[in-house]
Amino acid sequence: MQKKVISSLIAGALLATNFVSCSTEVKETIVDKATTEANSTTKATEASATTKASEPVETIPDLPLVNPNFEGLSASEICATLTLEEKASQMVQGAYYNLSTNDMKENCYGSVLSYGYPCNTNSEWLDFVREYQYAALSNGTAIPFIYGNDFLHGVNVGFGATIFPHNINLGAANNPELMYEMGVITGSNMLYTGNLWNFSPCVAVAQDPRWGRTYESYSSDSSIVTSLATEYVKGMMTQDGIVPCAKHFFADGSTSFGTGEQLDGEVRLIDRGDAIIDDSEIADLLSVYQALIDEGVPSIMLSHSALNGVKMHENSEYIDYLRHVMGFEGVILSDWDSIHNCSGATLKDNVILSINAGVDMLMEASDFEECRNYIVEAVNEGSISIDRVDEAVTRILQMKLDCGLFEDPYLYNVEPSYDWNSDYEHEVARELATESMVPLKLPDGGEIILTEGMKVFVSGPASDDSGVLCGGWTYVWQGSQDGYGGSRWCSEGPTILEALKSSGKEIGFEIVTDAKEIDNCDVAILCVGEIPYAEWYGDAADISLTGPLALNNEPYINRLSDSDIPVITLIVAGRNVIIDDYIDNWDEVIMCYLPGSEGGNAVSDLLTGKASFSGHLPMPYYYSENDIGTGAYWLPVGYSAAD
Ligand code: BGC
């Protein structure tokens, strides 16, 4: 019904033809994050959109608009006009597959989120978001809602957008100017989708590579994290309307192995565990957030983890510190259902604990309505003060005022800096990917360059897989390898094999994939790595190339173990995987991390000498898992065999 109403009102001018199919698909792609199996998430299609967002159109008078009574009012004045129920609605955010447009129309909730993919293209996204906005403004309160998403490496949920390298690559590249450009491009592309709130950057300072979110961290060195994250945020904020969110406050990357959260029936080895750290480590981690606050970051998400035994979502000491000592005036958002794991006996207790600790908005995938009702009850019972609620709602409204939603709720007037899927974004992503590859070992005479007349044997499970290059958080939460249902996961750039074949044609070397030909080749390129994963699905005690998250590397490694030709090994992985057993058999070793859709081109640029190695290790490289945390390592942060 809702869909029909909006379609007839704004057909053609506002909505793309695939509006209805996108909305229908939403219902069909319901994936409960907590119960999703790794790598079994919704399948992406091969669609590769190069469409541009709808051209700005004139406001259609019949569309519901922001409440006219709010005109000229400040955030606190708007807040003062709201009922307690309306205020509580602003303080919750539900997942799109639970929070329907009818729910939105009924209660005018503050926000809706995804962790990926209900739509394919930028214009489908924009229509999808506008449908919710229509519903929010159809409610008597008529406060615009805001859509939040995880654009961790570019607009990684919209086909046709370049998939940028993951943060660990960006730390290896350590190029603040390009981080700024990546921020501008990400913000610009977000404007085409209507998703204004980006749960990024992740500023974890990852310490233990066994953590499944290691690749979401720029570096184990907080100064690298600070400089890259601030430039990225500055870049994103050049795009009027875009709201970055630094996460996860704080010490998410410092949790101890073996303390991972088990509370919701999931087995986690380290993710969401306890960070047992001292005052100087705490000060170091807080300095990252201070730099971002000084740059005006408008929102911060709390960490699922605990700090010295106290869950961050109820850690009033440090949330208070964030507010009153560090001076953060923006919105504090809880992480996905995370308040459920606070120390209260019931969800209502945990709502009270977390709101009183200083959380402004609750990310509650399915329990958003219950939480709203608990906030109302708690205020009426005196266990949450109305002042605390007013403070939270005023901040949320201020964020929405600042990003222009009160003036332009349907986003007719957004001005992205670049075209969607511009050549420029591919260039920036390619340069970042190239700069992010770290040589761990080079032959004595220097790197092996592929030149005219050579025969080059290319093999390994990472050689021809676009999904592996992109890793987790690519279209869907866990990402995927190619071949899911016979399809290719990411069509925005070539695989390593494809890129090498193109360069071979251009330069005049031959690519060989038939193993019977190895002995006739001049050099072998062995592409190994890890499967895509996200969050605790990536936790592992064994992070070797034969561990539980490894690709099927072993046969390919074995086949080249006593080869007479030089072997260049490329490692496509979300962390410094353990390679001590094999390194002696390899002549050249390049850590590629998760370089994204331009990763194949980047490899080819480096191996053909079009580009030189400039990446440096963003985290220490260990001989074995036993060295982690002992101070012993194989290669230090900042290492490159090319130096
Ligand atoms: C993750 C966050 C993410 C959120 C929404 C959580 O589980 O910890 O990083 O922003 O989900 O997808």
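Angles here run from 0 to 180 degrees between N-to-C directions, with axes fitted to C-alpha atoms. Keep that in mind as you walk through this predicted model.

**Stop 1: the sheet.** Start by selecting the strands of the open sheet, 8 of them, paired in parallel in the order β10-β7-β5-β4-β3-β2-β1-β11. Color β10 (331-333) and β11 (362-363) separately: these are the edge strands, and each has a single partner, so one side of each is left without a neighbour in the sheet.

**Stop 2: strand β3.** Next, select residues 146-149, which form β3.

β2 (residues 111-113) pairs with β3 in the parallel sense over 3 bridges, and S111 stands opposite I146. β4 (residues 197-198) also pairs with β3 in the parallel sense, over 2 bridges. Here G148 stands opposite W197, while N149 has N198 as its bridge partner.

**Stop 3: helices on the sheet.** Show α6 (residues 122-138), which lies across β2 and β3 and runs at about 135° to β3. Then show α14 (residues 386-402), packed on the sheet and touching β3, β4, β5, β7 and β10, with its direction at about 110° to that of β10.

**Stop 4: a helix pair.** Finally, select α12 (residues 347-357) and α13 (residues 368-381), whose axes are 9 Å apart at an angle of about 70°. That makes α12 roughly perpendicular to α13. Among the residues in contact are V351 and I352 of α12 and Y374 and I375 of α13. The contact residues comprise 8 nonpolar, no polar and 3 charged.

Definitions and conventions. Residues numbered from 1 in each chain as written. Predicted model: local features only at pLDDT ≥ 70, side-chain atom pairs only at ≥ 80, totals over all residues. Heavy atoms only, no water. Buried < 20%, exposed > 50% of the residue type's maximum accessible area, 1.4 Å probe, protein only. Helix = DSSP H or I, 4+ residues; strand = E, 2+ residues; numbered from the N terminus. Pairing = 2+ DSSP bridges. Parallel < 35°, antiparallel > 145°, perpendicular 65-115°, else oblique. Contact = heavy atoms within 4.5 Å. Nonpolar A, V, L, I, M, F, W, Y, C, P; charged D, E, K, R; others polar.
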